[in-house]
Amino acid sequence: MTTIADPTLWGITLGVFALLVAVDLVLTRRPHAVGMREASAWSAFYIALPLAFAAWVWVVHGRQPAVEFLTGYVVEKSLSADNLFVFLLLLGAFAVPETLRQRVLMYGILGALALRAVFIALGAAALEAFSFTFLVFGLVLAVTAVKVFRDARQGHSGPVDVGRLRSVRLLRRFVPVSEAYDGPRMVTRLDGRRALTPLAVAVVAVLAADVVFAVDSVPAVYGITSDPYLVFVTNAFALLGLRALYFLLAGALSRLVHLGYGLAIILGVIGLKLVLHWAHGIWPAVPEIPTALGLAVIVGVLAVVTLTSLRASSVRVRHGVEGGSTLAPEGAGREDQHTQRSTAPR
């Protein structure tokens, strides 16, 4: 497969990402609640960094790889925003204290990076060996688009019963789990023997969600570019900015009520792009969707669903107030998440 990266570029890239991960680990070593100023600063940094990388790719390797990277990054960032809904529900269901949430997210990001690297390598090998892999990826995205659309109709605000999660049930069959948080510890003492804390169980649940996310996101980026290097860096940039994005958007996620519909459209378009690319290789008369056009469609869809979401949220709030109903404050009904030792749901 063609790629813009040689072994030296791969080594430099992996070294830079390792440094960024090390910085994040240092920052999350001391548990603390993340404020809006800190989240905004890191979000701005993790947006400026891929934009600078895109400019470098444009100058050194040309317009097409740069457009492919930007398109893949926008897709990954969009999917990451939807993934945050799941993280928000999981962290709330496990009653993870505010001071420990960024640690759970950091562990989840590290696991996601490892999983994406495996999926990207497998995807590259499959695309190299079998041309119909593009068709398979396209069908996977089509099925995912239908699922995302159905989930959007049902809404993201439903409660999560952590006791019914497969990863949690499997873990509790083999390892004792305490019912109370013990600060930032993953392992504690329960009746004189070692046991996992709810923090460790929450990390496992987030990692299990990462597997599902990788199945969706890796084929989506391969629908934009077949360069494994660009696929990897788009995933890495999107994931490394996920922790800060969570704290920046946590209060606004509930207002993006139409995001799921937009993502369903985007996944459907990318799936169609993959199928057309596969068909073009067999029947040259079949047209393909240019990457630049795909980027324009993706950005346009995201802009439209953001505007319609904000408008719909404003209408709901206005009608709720005018109707005399009391709107529950965000987070109402949850257990206290500001204490270091809170009871985890069974």
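What do E1 and E2 form, and how many residues are between them?

Mentor: This is a predicted model, so read every value below as computed from it. E1 and E2 form a hairpin. Between the two strands there are 2 residues. Asp191 sits in that turn, and its phi is positive, at about 55 degrees.

Now the strands themselves. E1 covers residues 187–190, and E2 covers residues 193–196. They pair in the antiparallel sense. The pairing runs over 4 bridges. Within it, Arg189 faces Arg194 in E2 from the opposite position.

Next, the chain around the hairpin. The protein chain holds 11 helices and 2 strands. Its order along the sequence is α-α-α-α-α-α-β-β-α-α-α-α-α. Of its 346 residues, 47% are buried. Take the contacts with a separation of 6 or more: 80% of them join residues 24 or more positions apart.

Tyr107 lies in helix H4, residues 98–129. Its relative accessible area is 31%, so Tyr107 is partly exposed. Set aside neighbours within four places in sequence, and Tyr107 is in contact with Met186, Val203 and Leu207. Val206 is 99 residues from Tyr107 along the chain, yet their C-alpha atoms are separated by 8.6 Å.

Then move to helix H7, residues 198–222. Helix H5, residues 133–154, packs against H7 at an angle of about 130 degrees. The two axes are 9 Å apart. That angle makes H5 oblique to H7. H5 passes H7 in a left-handed crossing. From H5, the contact uses Phe134, Phe137, Val140, Leu141 and Thr144. From H7, it uses Val215, Asp216, Pro219, Ala220 and Tyr222. By class, the residues of this contact are 8 nonpolar, 1 polar and 1 charged.

H5 has another partner, helix H10, residues 259–282. Their axes come within 8 Å and cross at roughly 165 degrees. Angles over 145 degrees count as roughly antiparallel, so H5 and H10 are roughly antiparallel to each other. This crossing is left-handed. On the H5 side, the residues include Phe134, Phe137, Leu141 and Thr144. Val148, Phe149, Ala152 and Arg153 are also among them. On the H10 side, the residues include Tyr261, Leu263, Leu267 and Ile270. The contact of H5 with H10 has 16 nonpolar, 6 polar and 1 charged residues.

Asp24 belongs to helix H1, residues 7–29. Is Asp24 buried or exposed? Asp24 is buried, because its relative accessible area is 1%, and buried means under 20%. Leave out residues up to four places away in sequence, and Asp24 touches Tyr46, Met106, Leu240 and Arg243.

E1 and E2 are antiparallel over 4 bridges, with Asp191 in the turn between them.

Methods:
Residues are numbered from 1 along each chain as its sequence is written. This is a predicted model: local features need pLDDT of at least 70, side-chain atom pairs count only at pLDDT 80 or more; totals for chains, interfaces and linings use all residues. Side-chain values use heavy atoms; hydrogens and water are left out. Axes are lines fitted to C-alpha atoms, for helices over the stretch in contact, and angles run from 0 to 180 degrees between N-to-C directions. Angles under 35 degrees count as roughly parallel, over 145 as roughly antiparallel, 65 to 115 as roughly perpendicular and the rest as oblique. A crossing is left-handed if the near helix is turned anticlockwise from the far one by less than a right angle, and right-handed if clockwise. Contact means heavy atoms within 4.5 Å. Ala, Val, Leu, Ile, Met, Phe, Trp, Tyr, Cys and Pro count as nonpolar, Asp, Glu, Lys and Arg as charged, and the others, Gly among them, as polar. Two strands pair if DSSP finds at least two bridges between them. Buried means under 20% relative accessible area, exposed over 50%, partly exposed in between (1.4 Å probe, protein chains only).
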